[in-house]
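Hi everyone, thanks for making time for this.

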Amino acid sequence: MKKERYQIEKELRFKSIYLATFDKLNSLFLRSFKDQDLVHDALQEGYLKLWEKLEEQEEGGDCMPFLYFYTRNYALKQISRNIKRDLLQQDLFRGADQTDMERELEHKEYQVQLSRVVEDLPQKRKEVFRLFNEEGLSYKSIGSRLGISSKTVDSHLAKATRAIKRDLCSIYGIVKILLIFFVC
């Protein structure tokens, strides 16, 4: 009996969140990605992840950031996969100019440079960046762990990302960064 009631409450809460957020997210991602199928799949994955982690979300709390990040990350992974697939097809057609070993070495060099750039970040930014990207924690979880607000987490993460992009682009150039990131 309790389990049925819990399930009904969970479904109602989920439906309420879905109705409150779907149109906004759909519109936002359509403007960004301009691919209805991609947006549909990404939103489906985002809402599926929300369903799985609904108990962890604060009752009456704003689930929009959670949905936004899972949906965005899924869409970006799909785009990355599509680019890799397209580049692989191009390589097959033109007889791959670079060997796999050369690509792997470039990727390892990139990882070393990335580690150096991250190490040079101010301590809090470095912590926030690692907790978000390596441990996959939410802004709220990071804020709780470090004793800072979610807005401060957002600020640290944005500044860290900008610094990393700037430093890596100065080392490699934007085209090389994209090729290393999407091919390896």
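Let's begin with K34, which sits in the loop between helix 1 (2–33) and helix 2. Helices here are DSSP runs of H or I, at least four residues long, while strands are runs of E of at least two, and both are numbered from the N terminus. Before I go on, a word on what you're looking at: this is a predicted model, where local features need pLDDT of at least 70, side-chain atom pairs count only at pLDDT 80 or more, and totals for chains, interfaces and linings use all residues. Residues are numbered from 1 along each chain as its sequence is written, and side-chain values use heavy atoms, with hydrogens and water left out.

In general, most residues other than glycine have a negative phi. K34 also counts as exposed, because its relative accessibility is 68%. For that wording, buried means under 20% relative accessible area, exposed means over 50%, and partly exposed is in between, with a 1.4 Å probe and protein chains only.

L30 belongs to helix 1, and at 27% relative accessibility L30 is partly exposed. Leaving aside neighbours within four places in sequence, L30 is in contact with D35, Q36 and V39, where contact means heavy atoms within 4.5 Å. The C-alpha atoms of L30 and H40 are ten residues apart along the chain and separated by 9.2 Å.

D35, D37, D41 and E45 gather in a surface patch of negative charge. A patch takes residues with over 30% relative accessible area and no salt bridge, joining like charges within 9 Å and nonpolar side chains (Val, Leu, Ile, Met, Phe, Trp, Tyr) within 5 Å. E45 is in helix 2 (residues 36–52) and is partly exposed, at 34%.

How many salt bridges does a search of the whole structure find? It finds eight, counting a side-chain nitrogen of Lys or Arg within 4 Å of a carboxyl oxygen of Asp or Glu.

One of them joins the side chains of K10 and E55, at 3.0 Å from N to O. K10 lies in helix 1 and E55 in the loop between helix 2 and helix 3 (64–94), so this pair ties together parts that are 45 residues apart in sequence. K10 is buried at 13%, whereas E55 is partly exposed at 44%.

Another salt bridge links E119 and K126, at 3.4 Å from N to O. K126 is in helix 5 (residues 123–133) and is buried, with 11% relative accessible area; E119 is partly exposed at 39%. Leaving aside neighbours within four places, K126 touches V118, E119 and L121 as contacts. There's also D167 with R166, at 3.3 Å, and here R166 is exposed at 53%. Salt bridges that share partners join E119, K126, R130 and E134 into one network.

Finally, let's zoom out. The protein has eight helices and zero strands. Buried residues make up 31% of its 184 residues. Among contacts between residues at least 6 apart in sequence, 63% join residues at least 24 apart.

How values were computed
Areas by Shrake-Rupley, 256 points an atom, 1.4 Å probe, with all protein chains shown as cover. Lys, Arg positive; Asp, Glu negative; His and termini not counted. Charge placed at Lys NZ, Arg CZ, Asp CG, Glu CD.
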